[in-house]
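Trainee: I would like to go through this model with you, one question at a time. Shall we start with the ligand site?

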Amino acid sequence: MEIRTALTYDDVLLVPQKSRIRSRKEVNVATRLSKNINLDIPLIPANMDTVTESQMAICMARLGSIGIIHRFCDIDYQVREVQKVKRRQNVVIEDPITISPQATLKQVKEKIAEFGFKSFLVSEDNKQLSGILTSRDMMFAKDDSTLVQDLMTAKNKLITASPGISITEAKEILISNKIEKLPIVDQAFHIKGLITATDIIKNYNSVSVSRDNKGRLLVGAAVGVGKDALERAKALVGAQVDVLVVDIAHGHSDHAIETIQKLKKLYPTIEIIAGNVATAQAAKDLIQVGADCIKIGIGPGSICTTRITTGFGVPQLTAILNITPVCKKYDIPCIADGGIKTSGDLVKALAAGADSVMMGGQFSGTEETPGPVLSYKGQQYKISRGMASLTAALSRPNATEKIDQVTPEGVEARVPYRGPARNVINKYIGGLRSGMSYANAMNIAELQTNAQFIRITHSGMIESNSHDNQVL
Ligand code: XMP
């Protein structure tokens, strides 16, 4: 048997090209996530339960990327996470959260903790508007048993607008009345939406936010291939998710192919990202049943042990180089998922043909990841874990395996608390822009055309890192 050599990021470098780029700012890093979804930046946080829930997804969409809500939770929880993203920074919130006039201040505080915003429309039956409760109304309330009806601004004092109002008109009403919320009601005072000043300011001041065609933040969600996949997908589509990720460890399987076929038949307009795979044939098989994007990566992840446990996998650079010609032939984008340690790796992944890169380890420990900040020996940490790790397997909804029956293909890790995820994006996109100037590339397509990889030796790798000094 001929045994081929396969390479990963550390085995290669890119050869510098004569460059016309005078400033890193000139470079355009926009990309395609899937067939019909564009992103301003090619960096996506992993759909892992220690990386992406609504907080991370909101942050990413605001920075021009997208978050994919993980599937390692029950369906209702995942749907709520999608809804939290969809309700943020809308121009018109079509289905605003309401609270009953008989609710107590304590219940309001619970809702604030659950949804992350501080104003609610008040309604008995979730239809008719009775008033509005904002943080201003609650400012001086001390007693947790106070009722919403005694705090709210009642219906007769409210300024409202009719469905179909333009954003410019809404803005004028908000400014001239010095109010922050404008409920939209029909003639019977039935709630039809809500416009907020913050959403208008954020939407119109920022150019690169990832939005759907109604101005809401983009968000994706993962489904598996098991019994609940179709039920989960139905609920997520109902919550107006923008893209589904059919995400299993071995994506080149009948199970995955059948799931994609069924989903495409049920929801022909929903974009589907499919993976994970590591061969050209796998990419072709998934594209032929309707995948709108291919997720590449078997075992390169920082918390993965699949290659050690099973003996299977393909070093990530070779996997990308093998798959991208198929994706380009069918005009389907691909994501290089896992194994990124530096912005240089990001540049190499894109140069090799990936349209975007997914990172777990590099986002783990950031403020927007789920889970608390822990303290250990005076340092602050968060927990990150592989989705096939022992604790992840045991904590899945409906898990039946006992501790000694689990064969983990991932590990749990303690990662230093890293502050806002925005810092990770800035560091990586800064490195990418710089890399593109070495490649004489104005955009990612040019980076791919101009890329010239060379293979390096172990000594070359040592030379590449800082060496022979005491790094401060
Ligand atoms: P990084 O290197 O960015 O990789 O942390 C993130 C990706 O790793 C994959 N993943 C796993 N792979 N066992 C595996 O073999 C696991 O338990 C596991 N959990 C996550 C996943 O593709 C993720 O995006």
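Trainee: By class, how many residues in the shell around the ligand are nonpolar, polar and charged?

Mentor: This is a predicted model, so local features need pLDDT of at least 70 and side-chain atom pairs pLDDT 80 or more, while totals for chains, interfaces and linings use all residues. Residues are numbered from 1 along each chain as its sequence is written, and side-chain values use heavy atoms, without hydrogens and water. For the classes, Ala, Val, Leu, Ile, Met, Phe, Trp, Tyr, Cys and Pro count as nonpolar, Asp, Glu, Lys and Arg as charged, and the others, Gly among them, as polar. The shell has eight nonpolar, 11 polar and two charged residues.

Trainee: Which residues are the closest to the ligand, and how many surround it?

Mentor: A residue is near a molecule if one of its heavy atoms lies within 4 Å of it. The closest are Ser302, Cys304, Thr306, Asp337 and Glu409. The number surrounding the ligand is 21.

Trainee: What share of the area that the ligand exposes alone does the protein bury?

Mentor: Accessible areas come from the Shrake-Rupley method with a 1.4 Å probe. Taken alone, the ligand exposes 520 Å². The protein buries 89% of that.

Trainee: How many disulfides does the structure hold?

Mentor: A disulfide is a pair of cysteine sulfur atoms within 2.5 Å. The sulfur of cysteine 293 is too far for a bond, because the closest cysteine sulfur, in cysteine 334, is 6.8 Å away. The count of disulfides is zero.

Trainee: Which cysteine has the sulfur nearest to that of cysteine 73?

Mentor: Cysteine 73 is buried at 7% relative accessible area, where buried means under 20%, exposed over 50% and partly exposed in between (1.4 Å probe, protein chains only). Cysteine 73 is in no disulfide. The nearest cysteine sulfur is 20 Å away, in cysteine 304.

Trainee: How many residues apart in sequence are the parts that aspartate 49 and arginine 385 tie together?

Mentor: Their side chains form a salt bridge, N to O 2.6 Å; the rule asks for a side-chain nitrogen of Lys or Arg within 4 Å of a carboxyl oxygen of Asp or Glu. Aspartate 49 is buried at 12% relative accessibility, and arginine 385 is buried at 15%. Aspartate 49 lies in the loop between β4 (43-45) and α1 (54-62) and arginine 385 in strand β19 (residues 379-385), so the parts tied together are 336 residues apart.

Trainee: Which helix holds both lysine 84 and glutamate 81?

Mentor: Helices (H or I, at least four residues) and strands (E, at least two) are DSSP runs, numbered from the N terminus. The two side chains meet in a salt bridge at 2.9 Å, N to O. Lysine 84 is buried at 18%, and glutamate 81 is buried at 4%. They sit three residues apart, about one turn, in helix α2 (residues 75-87).

Trainee: Is glutamine 288 buried or exposed?

Mentor: Glutamine 288 is in helix α10 (residues 280-288). Its C-alpha is 9.3 Å from that of isoleucine 257, 31 residues apart in sequence. With a relative accessible area of 52%, glutamine 288 is exposed.
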